[in-house]
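Reader: I want to learn how to read helix packing and salt bridges. Can we work through a case?

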Amino acid sequence: MDVTGYTQEFTCPIAPARMFKALILDSNNLIPNLFPQFVKSVDLIHGDGGAGSIEQVNFTEGTDIKYVKHRIDELDRVNLVCQYTMIEGDPLGDKLESIAYEVRFEVGSDGGCNCKMTSSYIELGDFTIKEEEIRAGQDKARGIYKVVEAYLLENPHVYA
């Protein structure tokens with residue numbers, strides 16, 4: 001079993017606390033509303049939303065993915081850090097045991113946010129995930145962040 005890691009960083013003009021609230025603390029409400037053509041629901045199926053909780057993201061019919069389950073490993077509301085692991089779902093297939101993520105929101109030099117996402121792919125057998133597959137997943141994640149950023153810019157009172 002090997003682990004392949006990838007880190008991506010980008011900046012946005014939104015304050016880190018607002019990004020954290022939108023993308024981490026209220027994602028179960030916000031993401032299905034912003035992406036109704038892809039995400040049917042985000043359901044808490046175990047726990048209270050903190051560390052040890054399990055969320056299930058259900059995708060709409062016609063998408064390549066039916067669902068994924070994430071276990072929240074750490075939720076640091078003070079330092080704006082979330083660690084979670086995809087433990088079940090179509091993206092894992094029979095080649096990945098899990099994918100561990102760490103997302104950090106830090107204050108940027110302009111008062112906006114530096115977002116840092118780290119992914120660790122825990123591979124099964126002799127499988128090695130290709131960099132272009134990792135990049136495609138990270139590009140989708142970044143696309144979600146950009147839509148949330150645009151929503152927060154248009155709605156400055158939300159998560160203030």
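This is a predicted model: local features need pLDDT of at least 70, side-chain atom pairs count only at pLDDT 80 or more; totals for chains, interfaces and linings use all residues.

Reader: How are α2 and α3 placed relative to each other?

Author: Two packed helices are described by the angle between their axes and by the distance between those axes. Here, α2 (residues 27-34) and α3 (residues 131-154) pack at about 95 degrees. Their axes are 11 Å apart. The two helices are therefore roughly perpendicular.

Reader: Which residues of α2 and α3 make the contact?

Author: From α2, Leu-30, Ile-31 and Leu-34. From α3, Ile-144, Val-147, Val-148 and Tyr-151. By class, that contact has 7 nonpolar residues, no polar ones and no charged ones.

Reader: Which residues of α2 are buried?

Author: Ser-27, Leu-30, Ile-31 and Pro-32. Their cover includes α1 (16-25), β2 (39-46) and α3.

Reader: Now the salt bridges. How many does the count come to?

Author: The count is 5. One of them pairs Lys-69 with Glu-88, with the closest N and O atoms 3.7 Å apart. Lys-69 lies in strand β4 and Glu-88 in strand β5, so the pair ties together parts 19 residues apart in sequence.

Reader: Is Lys-69 buried or exposed?

Author: Buried, at 18% relative accessibility; the cut-off is under 20%. Glu-88 is partly exposed, at 31%.

Reader: What about a salt bridge within a helix?

Author: An α-helix has 3.6 residues a turn, so residues three or four places apart point the same way. Arg-135 and Glu-131 are 4 residues apart in α3, about one helical turn. Their closest N and O atoms are 2.5 Å apart. Arg-135 is partly exposed at 36%, and Glu-131 is partly exposed at 47%.

How values were computed. Residues are numbered from 1 along each chain as its sequence is written. Side-chain values use heavy atoms; hydrogens and water are left out. Axes are lines fitted to C-alpha atoms, for helices over the stretch in contact, and angles run from 0 to 180 degrees between N-to-C directions. Angles under 35 degrees count as roughly parallel, over 145 as roughly antiparallel, 65 to 115 as roughly perpendicular and the rest as oblique. Contact means heavy atoms within 4.5 Å. Ala, Val, Leu, Ile, Met, Phe, Trp, Tyr, Cys and Pro count as nonpolar, Asp, Glu, Lys and Arg as charged, and the others, Gly among them, as polar. Buried means under 20% relative accessible area, exposed over 50%, partly exposed in between (1.4 Å probe, protein chains only). A salt bridge is a side-chain nitrogen of Lys or Arg within 4 Å of a carboxyl oxygen of Asp or Glu.
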